[in-house]
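User: I would like to go through this model with you. Could we begin with the contacts between charged side chains?

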Amino acid sequence: LEWIFKAVNEHGKRYHLEEGLQVAEQGLRLLQKLAGRLPERERLEKEFDLILEQLDLLFKGGHVQAAQENVERLLTLAERLGVLHQAKALHWQAFWHTCTAQYQEALRYAQEALKLSDQHTDATLKAAILDQIGLIHFRMGDYRTALEYYQQSLEIFRTRDRLKEAHAWNDCANALVKLGEYRQALKHYEASLKLYRELQEQKKASAILNNIGATLRYCGEYYQALRSLEQACAIDRTTGDRLGLGFSLCNLAQTYRLLGCPQEALTLSEEAYQIFSSVEDPFGQCMMERWLGVTYRELGDYERAQDYVKRALEKAQAIEAQAEEGECLLEIAQILLDSGDHNGSLQSLQQALQLGQRLAWSYLITRIYLVQGAVYLAQGDAQNALSTVQAALELITQHGWGGELPIRAHYLNYRILRALNHPDAAAALRAAQTKLLTTAQQITDNPLRERFLSIPLHRQILQEAPVD
């Protein structure tokens, strides 16, 4: 039995998942044969622990549905083993329901597990459950609540488990990104990456590189983001981490899209979508359908774009992923604006805004304001457009966002002020051009910088009037 546990653990570390599952199954058969020869409690505890190892392998391989039977077996065993094992089993039930996007059920199981963990001295189990509750809130789009639970988990792990501490730093950073606190998030990611590298956890270091790349993209540092994401993808392909590769490809695709490379973005997005479909990840499928819609819109294929985004919206609503639902509604509004349906666009924006305000998600709200401002301008209502875009600019200044967002905002502000014959129009145009050129200067690869500057909106901004 000792050899079996060591072998399963070693297979898991090397990502030999099928081999690990086969050895675990041999161990379970052996335990059945040892009934009556081992003390019953010891035998049940070993069976419980071996099923935990199986679950870890199944989830690593993306076999979410296949894991359900094992999760149920844990609950049955836990009833005979007491409070600690019951808390662990409920924790895994919560995890399985999270992976299948059944968030309310996941939250119920996790809260039950947390209550039971308070009856035991295992602080690391409590920290893991707190982290799980944070993840559920994160998936539901409640990022502030997610951060609160993640921070509680981090405080416990910092004095008990370096590997889990690294994971907790990453979770906090993910929530900070969604809240628009990018520089703070990058510090948390760096703390996580440092620990993973010290512990020689290549796969986990790759995940952090992926997250750093995505965050640098939000800051407008596109080339630096690209380099980080390419490293993450290379490691994911080497280690065989398909789920990690799906997220890395998604982020790499969006970075290429922002650099003015839509065909490259489309190819990478399609590969990511196939991965999320193969590992039965509904959240990932929803996210990639939305991004495929965005890419097709930018390529001018509005019919296909709308089809993908509507499918993504249906999934987001079905799995109660409010943040994704808000993103989908915003993208539908942009498609409708581009197609000339101003009233339809405003209706979709209003629904998106309600979600953004409910989630207190400034980054989503800011982008909603920009599309609203463009709709008002298209309708000839320059005064409403001005107040909306200035609200967006205030949020951009407050959060220090870089790249495409302030470029778009300043240029739209210029167009509105020009329509009003306002004397500040020239200053607004200079602000847009300065932001654009500053962002371009950070792209040290010459062909990529040229493609970035050749994006139609960027050409239009630079050709509008010379920079002083």
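**Salt bridges and a pocket**

Analyst: A search of the whole structure, which is a predicted model, finds 29 salt bridges.

User: Which residue forms a salt bridge with Glu198?

Analyst: Glu198 pairs with Arg162, and their closest N and O atoms are 2.4 Å apart. The pair links distant parts of the chain, since Glu198 lies in helix α10 (residues 182–198) and Arg162 in helix α9 (residues 162–178), 36 residues apart.

User: And what about Lys315 and Glu289?

Analyst: Their side chains meet in a salt bridge at 3.0 Å, N to O. Lys315 belongs to helix α16 (residues 302–318) and Glu289 to helix α15 (residues 282–298).

User: Is Glu289 buried or exposed?

Analyst: Glu289 has a relative accessible area of 0%, so it is buried. Lys315, at 26% relative accessibility, counts as partly exposed.

User: Which residues are linked in a network of salt bridges?

Analyst: The network joins Glu40, Arg43, Glu47, Arg73 and Arg80.

User: A new topic: what is the volume of the second largest pocket?

Analyst: The volume is about 170 Å³. The lining of this pocket consists of 13 residues, and Cys219, Gly402, Gly403, Thr439 and Gln442 lie nearest its centre.

User: How do the residues of that lining divide?

Analyst: Three are nonpolar, seven polar and three charged. Helix α22 (residues 425–441) supplies the largest share of the lining, three residues.

User: Finally, why does Leu21 count as buried?

Analyst: Leu21 counts as buried because its relative accessibility is 14%, and buried means under 20%. Leu21 lies in helix α2 (residues 17–33) and touches Gln54, Leu57 and Leu58, leaving aside residues up to four places away in sequence.

Terms used: Residues are numbered from 1 along each chain as its sequence is written. This is a predicted model: local features need pLDDT of at least 70, side-chain atom pairs count only at pLDDT 80 or more; totals for chains, interfaces and linings use all residues. Side-chain values use heavy atoms; hydrogens and water are left out. On a 1 Å grid over the protein atoms alone, a cavity is a set of points where a 1.4 Å probe fits but cannot get out, and a pocket is an open set with protein on both sides within 12 Å along at least five of seven lines; lining residues have an atom within 4 Å of a point. Grid points are joined across faces, edges and corners, and a volume is the space filled by probe spheres set on the points. Helices (H or I, at least four residues) and strands (E, at least two) are DSSP runs, numbered from the N terminus. Ala, Val, Leu, Ile, Met, Phe, Trp, Tyr, Cys and Pro count as nonpolar, Asp, Glu, Lys and Arg as charged, and the others, Gly among them, as polar. Buried means under 20% relative accessible area, exposed over 50%, partly exposed in between (1.4 Å probe, protein chains only). Contact means heavy atoms within 4.5 Å. A salt bridge is a side-chain nitrogen of Lys or Arg within 4 Å of a carboxyl oxygen of Asp or Glu.
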